[in-house]
Amino acid sequence: RLGTDEEAQQRIYREVSLESGEQPYFDCFVNETMRYFPAIPFLTREVVAETDLGDTQLQAGDLILLSTVGAHHNSKYWQEPHIFDFSRREFMAGSYDRRSFVPFFVGQRMCGGARLALMEVREAIRAIVQQFRVERRGDGVRFTYALALRPDNWSAISLTRR
């Protein structure tokens, strides 16, 4: 996505180059990337006790599918959820519903490496932005799903040293 908007890329570059404490645009970009392109699109869970989920009755042993993509693209929680927004208002204002943004899931089954993973994502993006200018032919970004989300085609992306 960095290569699709030169102005946004420059703004992120300025923030990470200053290395000041506050980096709201960079933080928003990281969150919006994880919202729009969740690494794990869904997960399954086994129901451990009889319970009702809305109008649906679930029995112990039932399997349920939880969609990260569905939560992250739900118009009940996000304005224009199917648009990648470099300065998404919900992230900039900190007004998003914490239950609707779950890149590492939540609760007892939350990813144990979430803090490390987020730190690695942030540092990787910071290093790429500081050292390279990203260009992309076309606005479309396609992915394939296997165990995790991965780019479908890298040939549309080019990196140029700053």
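Visitor: How do H1 and H5 lie to each other, roughly parallel or roughly perpendicular?
Guide: The model is predicted: local features need pLDDT of at least 70, side-chain atom pairs count only at pLDDT 80 or more, and totals for chains, interfaces and linings use all residues. Residues are numbered from 1 along each chain as its sequence is written, and side-chain values use heavy atoms, leaving out hydrogens and water. The axes (lines fitted to C-alpha atoms over the stretch in contact; angles between N-to-C directions, 0 to 180 degrees) are 9 Å apart and meet at about 105 degrees. With under 35 degrees roughly parallel, over 145 roughly antiparallel, 65 to 115 roughly perpendicular and the rest oblique, H1 and H5 are therefore roughly perpendicular.

Visitor: Which residues of H5 make the contact with H1?
Guide: Contact means heavy atoms within 4.5 Å. H1 brings Gln9, Ile12, Tyr13, Val16 and Ser17; from H5 come Arg126, Val129 and Gln130.

Visitor: How many charged residues does the contact of H1 with H5 have?
Guide: Ala, Val, Leu, Ile, Met, Phe, Trp, Tyr, Cys and Pro count as nonpolar, Asp, Glu, Lys and Arg as charged, the others, Gly among them, as polar. The contact has four nonpolar residues, three polar and, in the charged class, one.

Visitor: What span does H2 reach from its first C-alpha to its last?
Guide: The expected span is 1.5 Å times one less than the number of residues. H2 has 13 residues, and its reach is close to the expected value: 18 Å.

Visitor: Is His73 buried or exposed?
Guide: His73 sits in the loop between H3 and H4. Buried means under 20% relative accessible area, exposed over 50%, partly exposed in between (1.4 Å probe, protein chains only). At 16%, His73 is therefore buried.

Visitor: How far apart in space are Gln10 and Arg133?
Guide: Gln10 lies in H1 and is partly exposed, at 21% relative accessible area. Gln10 and Arg133 are 123 residues apart in sequence, yet their C-alpha to C-alpha distance is 8.8 Å.

Methods:
Helix = DSSP H or I, 4+ residues; strand = E, 2+ residues; numbered from the N terminus.
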